[in-house]
Structures are given as structure tokens and as C-alpha cells.
Amino acid sequence: MASIVNQNAYSSALPNFRNLGILLRILLIVNVAAFAAAVVKSETLRGAWIQFVEISAVVEPLLILSLLALMLLNGVLSRMPYSLGVLAVTGLELGLTTVLYAAGRPLLAPESPLERYWVLVAIVTLVLCAYFDLRGRALSPALAEARLQALQARIRPHFLFNSLNAVLSLIRQDPKRAEVALEDMADLFRVLMADNRELTPLAREVELCRQYLNLEQLRLGERLRVEWHIDNMPGDALVPPLILQPLLENAVYHGIEPRIEPGSISINIYMAREQVHAVLRNPYQRQGNHHAGNKMALGNIRERLQLHFDAEASLTTTISDNAYQVHIAIPYVRQRNS
Amino acid sequence: MTERQQPLRVVIVDDEAPARNRMRDLLAECAQAVPLVIEGEAASGRAALDLLSSRRADVVLLDIRMPEMDGIELARHLQKLDRPPAVIFTTAYDAYAIRAFEVHAVDYLLKPIRAARLREALARVPSAPPPGAGALRELQTGARAFLSAHERGKIHLIPIEDVVYLKAELKYVTVYTAQHAYLIEEPLTALELEYAVPFVRVHRNCLVARKAVRGFERADGDGGEGHWVVLLEGCDEKIAVSRRQQHIVRELGRQ
């Protein structure tokens with residue numbers, strides 16, 4: 001029981017300093033604070049601007065150095081217990097301040113003593129740590145919620161019942177195929193009902209997509225053609241579970257089922273510049289009577305990408321004359337064997 | 001009386017082959033209780049209409065979600081047959097349609113279908129009237145992809161994108177495509193409502209396809225006063241724009 005409770009409780013942790021979103025937030029917050037300080041110190045806005053430039057000369061070098069140091073030490077920091085981690089970060093900042101104070105002294109000839117800078121830096125560092133802790137807490141129930149959303153938007157009842165019907169039709173004539181189909185269905189629903197907060201290897205998600213498409217093939221026969229281009233796929237990349245399957249379900253529902261002629265869905269997964277790209281294409285017909293299901297699934301996936309990767313992941317859709325394309329880019333994260 | 005009844009003639013319409021196979025198995029099971037013969041199967045609405053123009057059926061088992069023409073639209077076209085068959089809709093999941101079927105007491109079966117349910121529905125066929133045109137019109141959510149005309153015992157389908165204009169004459173509406181003209185028995189007002197987006201009313205008795213409009217011209221009226229006529233793609237006839245609809249000359253002329 002205790003372990004179940006623990007899973008839902010939030011445990012404080014330092015943010016991932018290699019995440020672009022986190023770095024941008026630190027940059028923004030520190031600069032806004034510097035500007036606020038400038039406004040407080042001067043009486044006119046023009047004066048505030050000059051003041052801000054002066055403050056920046058002191059703040060920016062420290063800021064850039066800090067971010068670099070935090071990025072480098074991210075691995076070490078993330079393994080520390082939270083309180084020790086905060087202490088280490090504060091210590092690091094004070095150390096950097098000391099170094100810069102000594103190095104900048106001949107240039108800037110500061111009037112105030114080093115201790116004053118220490119106090120300022122410590123305050124800003126601790127406030128930032130508190131901010132990231134609060135943000136983590138605010139987002140953590142959202143991650144649990146994401147699992148629920150994953151369930152809600154997934155698998156149209158339409159697909160479930162039609163597939164069951166297709167399997168029933170096979171039981172008498174082709175019991176072997178019926179068995180395989182039911183096994184695929186079991187796997188699919190196991191993932192659908194699992195706790196989907198954790199990332200999963202891309203190879204696993206692709207396997208799930210294959211099982212899903214096999215089931216659709218059963219119903220649609222040669223109307224559904226699938227082209228896989230995954231030779232250069234990094235199978236060990238970690239992705240949110242059910243990130244591709246719902247997109248394929250959309251592709252079948254909106255791209256293949258409304259067509260009388262056969263149509264093909266292409267799946268292209270590759271790696272470029274430390275990013276995993278997945279590009280799905282399906283035929284597209286401009287038809288008025290479609291439901292809002294498509295937007296819902298896209299919104300859901302976009303939200304989960306953001307929860308897991310913040311600003312580093314993206315999802316874009318393009319509609320051309322007769323094709324619909326979804327392009328997902330995710331930072332390449334591998335499973336750590338620790 | 002039931003003992004000596006002719007076997008029920010059944011047609012299966014479903015775009016998915018496994019679903020048709022399953023239905024055949026189920027019908028074979030029902031055959032002992034309800035004498036029946038399978039007259040044929042079709043994978044699309046168009047194929048079903050072809051089949052039913054040469055063979056008679058007492059009942060059509062009709063899937064709702066199909067490409068090109070959905071089951072409800074097909075049922076509406078089937079109404080134009082001399083002796084329209086009874087219709088039993090089948091669907092895996094369609095919350096909207098099911099609610100509508102309940103309201104209009106239209107028979108339907110949920111997939112996966114149980115043999116017992118199918119047997120009950122088939123047993124009701126001889127006494128149940130085919131669904132009314134009004135009920136079917138209300139079941140339809142979007143506009144039909146085709147208009148249908150009854151010609152020499154056959155149903156002729158006219159894709160709506162081929163239609164240039166529709167003209168009401170007495171109790172009929174004439175459907176003009178670039179090549180042909182067909183008579184259909186539907187009120188123009190209902191058509192105007194159904195095709196409010198692709199068509200526009202230019203006259204009390206005439207709807208024209210927006211995309212066929214080539215331009216407008218001033219024509220001399222009898223009383224010396226001129227009026228506008230609309231020029232249409234693929235059609236030589238110039239159609240008068242009534243005084244009340246003059247505003248569309250400005251609206252469409254600008255595009």
C-alpha cells in the first residue's frame with residue numbers, strides 16, 4: 001500500500017539543467033529580476049535602462065558561466081538528494097561569484113564588498129530553486145492526468161467493436177489468424193490500460209503500431225497499405241507511450257476508411273542532429289462530415305510531448321492537396337542502465 | 001401461414017469483407033428458424049444499387065459507415081425502387097445514429113451481432129414497413145453525396161459535384177448536369193436546405209452550383225426593364241436571377 005501512495009506523492013528534485021525550456025526560464029527570470037532592480041535603483045525609465053546595462057555587465061557573465069556549469073554538472077547534481085543538491089548549487093554559485101569578483105575587480109573596480117554579491121546571488125539562487133520545485137509540484141498531477149487522458153482519447157469504440165467483429169468472422173474459417181488477432185488485441189489493450197507516465201523505448205511503440213495495423217488490415221484487407229521506413233530508427237530512444245499509435249488510428253479513420261480505392265499510410269522514423277523524427281503521411285480528402293476526434297488526439301499528444309520534453313519536442317501537421325502529414329520531433333534520450 | 005411463406009430474400013451490404021463473412025455465417029444459423037436466401041452481397045452503396053436493380057430483396061442488412069456513400073444515404077436511394085426492401089442497419093458504434101434509430105423506431109443491430117438478435121429482426125421483416133423517407137431524412141447527418149433518379153426501373157445516381165443546376169417544374173425538380181437532365185421527386189426547398197453550401201438560389205424555382213457560376217450578364221426584359229442572368233459552366237442556358245435574389249450578383253460576381 002505504502003509504495004502505491006508513494007508513487008503518487010511528489011518528491012522534490014532539481015530541474016534537468018540540460019533541458020532547453022529550463023535554461024530559457026532561468027535566463028528570463030534572472031534578466032527580469034535584474035531589470036526590476038534597475039527600475040528600483042533609478043528615478044526615470046531612461047535611467048533605468050542605463051542602470052540595467054550596467055547591472056547586466058555584472059550579471060550576464062555570471063549567468064552564462066552558471067548555466068554552463070549546471071549543464072556540465074547536471075548528472076552529478078541529479079543523483080544527489082534534493083537538499084544536498086540545492087546546497088551544492090548554492091555553493092557553486094557563490095564560488096563562481098567569488099571567481100568573477102576577483103577576475104573583474106581590476107576592470108570594474110566595484111565599490112561594494114564581495115559579501116554583498118554573495119547575499120544577492122544566494123537569494124536569487126534559492127528563489128529559483130523554490131520556483132522550479134513549485135513548478136514540478138504543479139506539473140506532477142498533470143503527469144498522472146496525462147495517463148488518464150491517454151486512455152480517454154485512445155482507441156475509438158468504433159475500432160474495438162469492428163475488430164471484435166472481424167475476429168469473430170475468422171474463428172470458424174481461420175482459427176489461427178483469429179488467435180493472432182486476439183493476441184495483438186490483448187497487447188494493445190495492455191498498453192492502453194497501463195500506467196503510461198513513464199517513457200518507453202521507441203522500438204516498443206513501433207511494435208505496438210504494427211500490431212494495431214495488423215488488426216486494421218484484418219478488417220480493411222487490401223484497402224490499407226502500409227509503408228515502413230524505419231531502417232535508421234534509433235530503437236532505444238525513449239518516447240512517451242502511445243505517441244504514434246493514436247496518430248495511425250487517425251490516419252486509418254480519416255485517410256483510409258472514407259476511401260473506396262486502396263490508400264497507403266507511410267511511416268518514416270529517423271534520427272537527425274540528436275533528435276528523433278517521426279513523419280506519418282496518409283491520403284486526405286476534404287470532406288465536411290468529420291468529427292472532432294482528430295483534433296482531440298492531436299491536442300492530447302501535443303500536451304504529453306510538452307509535459308515530458310517541454311520546449312524541446314514539437315508536433316506539426318501539414319495538409320497538401322491529397323495528403324495529410326504529421327511530423328513529430330523529440331530529443332534523443334536513451335535508457336540509462338543504472 | 002408462416003409455414004408456407006416464401007423464404008426471405010436477403011442482401012448484405014458492408015464495406016468490410018470479414019463483416020460480410022460473419023453476417024453470412026449468422027444468416028446460415030438463422031435459416032432454420034427463419035427461412036431465407038442470400039440474394040447477394042455488396043461492398044459499397046453503388047454496388048448495392050446495381051445488385052438491387054436486377055434482383056429483388058425483402059430486406060437489406062446495411063452497414064452505416066461506408067466510404068463514398070453511407071448506409072443511411074443508400075437506404076434513401078433504395079426508397080425509390082418500385083418495391084423498396086425493408087432495411088436493418090448494422091453498426092459497430094455510432095452514438096448519434098443509435099439515438100436517432102430509437103427515436104424513429106428504425107431497426108438496427110450492433111456489431112458484433114448475435115444470432116438471436118438477428119433472428120428477431122428478420123422475423124419482424126414481413127410485418128414491418130420499410131423506413132419512411134421522412135425518418136431517413138432526419139437520420140442523415142450531412143448532405144447526400146448523390147441525387148438519385150428513377151429511370152426505367154433502375155436507380156440512377158447523380159454525383160452532386162456533377163450537378164450544374166436544379167430547376168423546379170410542377171411537382172418535379174429537374175437535375176441538370178453538363179450532359180443530361182434527370183427528373184427527381186423532391187421538394188426544392190429541402191434540397192436548398194441540404195445543399196446550402198455548394199448551391200445558391202437564384203430564382204424562386206432554381207438553385208445553381210456556386211462553382212459552376214461563370215459570371216452574370218444583363219438581359220433585356222419584356223417590359224423594357226433589364227434583369228440579370230447567370231452564365232453557367234457546361235450549360236448554354238442563361239438562367240434569370242429574380243429581383244429578390246439580385247444581391248447574389250454582387251456576392252458571387254466579386255469572386
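Reply: Happy to! A residue counts as buried if 20 or more other C-beta atoms, placed from the backbone, lie within 10 Å of its own. By that rule, 37% of the 255 residues in chain B are buried. This is a predicted model, where local features need pLDDT of at least 70 and side-chain atom pairs count only at pLDDT 80 or more, while totals for chains, interfaces and linings use all residues. Residues are numbered from 1 along each chain as its sequence is written, and chains are lettered from A and ligands numbered from 1 in the order in which they are written.

Chain B contains 15 strands and eight helices (DSSP runs numbered from the N terminus: E, at least two residues, for strands; H or I, at least four, for helices). Its C-alpha atoms fill a box of roughly 75 × 35 × 30 Å along the principal axes.

Now for the part to look at closely: where chain A meets chain B. Two residues are in contact if their C-beta atoms, placed from the backbone, lie within 7 Å. Here, 16 residues of chain B are in contact with 21 residues of chain A. On the chain A side, helix H6 (157-173) and helix H8 (202-220) each supply at least two residues. H6(A) gives the largest share, eleven residues. Sorted by class, this side of chain A has ten nonpolar, seven polar and four charged residues (nonpolar: Ala, Val, Leu, Ile, Met, Phe, Trp, Tyr, Cys and Pro; charged: Asp, Glu, Lys and Arg; polar: the others, Gly among them).

Conventions:
A residue is buried if 20 or more other C-beta atoms lie within 10 Å of its own, exposed if 12 or fewer, and partly exposed in between; C-beta atoms are placed from the backbone.
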